Amino acid sequence: MRIAVSTTEIRRIDSNGRRSRVVVHNGTLHFAGQVADDFSGDIGQQTQQALARIDKLLAEGGSERSKVLSATIWLKDMADYAGMNAVWDRWIDPDHAPARCCGVVEMADPRIKVEIILTAAQ
């Protein structure tokens with residue numbers, strides 16, 4: 001049996017035709033990769049900026065940190081793992097830690113040190 005889904009049940013946040021920063025569907029927020037506003041900063045600064053952007057998008061989508069279900073974190077260099085975690089550990093709700101993975105990828109811009117992708121409940 002096929003169930004029809006109306007596009008009115010899908011909300012796209014900060015969409016530009018190529019991507020949306022967040023797509024909200026069925027009470028779940030699906031995030032695109034979030035990066036820093038300023039690529040010249042170190043891993044701590046870039047992680048803080050990406051997470052600040054995520055906080056704003058969570059609120060806009062009707063969610064919050066305690067409702068983050070999963071996180072994928074891409075680093076340019078695994079040498080930045082501890083520095084990223086120092087910021088992440090202060091940001092995340094420790095009583096509601098999400099499923100998480102972290103790996104190294106080639107970034108779209110070589111100055112980007114971290115990119116964070118989340119899924120969250122509303």
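Are W88 and W91 buried or exposed? W88 is buried, and W91 is too, where buried stands for under 20% relative accessible area, exposed for over 50% and partly exposed for what is in between, using a 1.4 Å probe and protein chains only.

Before I go on, a quick word on the model. It is a predicted one, so local features need pLDDT of at least 70 and side-chain atom pairs pLDDT 80 or more, while totals for chains, interfaces and linings use all residues. Residues are numbered from 1 along each chain as its sequence is written, and side-chain values use heavy atoms, with hydrogens and water left out.

Back to our tryptophans. Both sit in helix 2, residues 81–91, three residues apart, or about one turn of the helix. Helices here are DSSP runs of H or I with at least four residues, strands are E runs of at least two, and numbering starts at the N terminus. Searching the whole structure turns up one aromatic pair. That pair is W88 with W91, tilted, at 5.4 Å centre to centre and 40 degrees between the planes. For the cut-offs, ring centres of Phe, Tyr and Trp (its six-membered ring) must lie within 6.5 Å; under 30 degrees is stacked, over 60 is edge-to-face, and the rest is tilted.

Now, the strands around that helix. Strand 4 (residues 68–75) and strand 5 (residues 99–104) run parallel, joined by six bridges; pairing takes at least two DSSP bridges. I73 has C102 in strand 5 as its bridge partner. Strand 5 is also where you find V104, which is partly exposed, at 46% relative accessible area.

Thanks, everyone!
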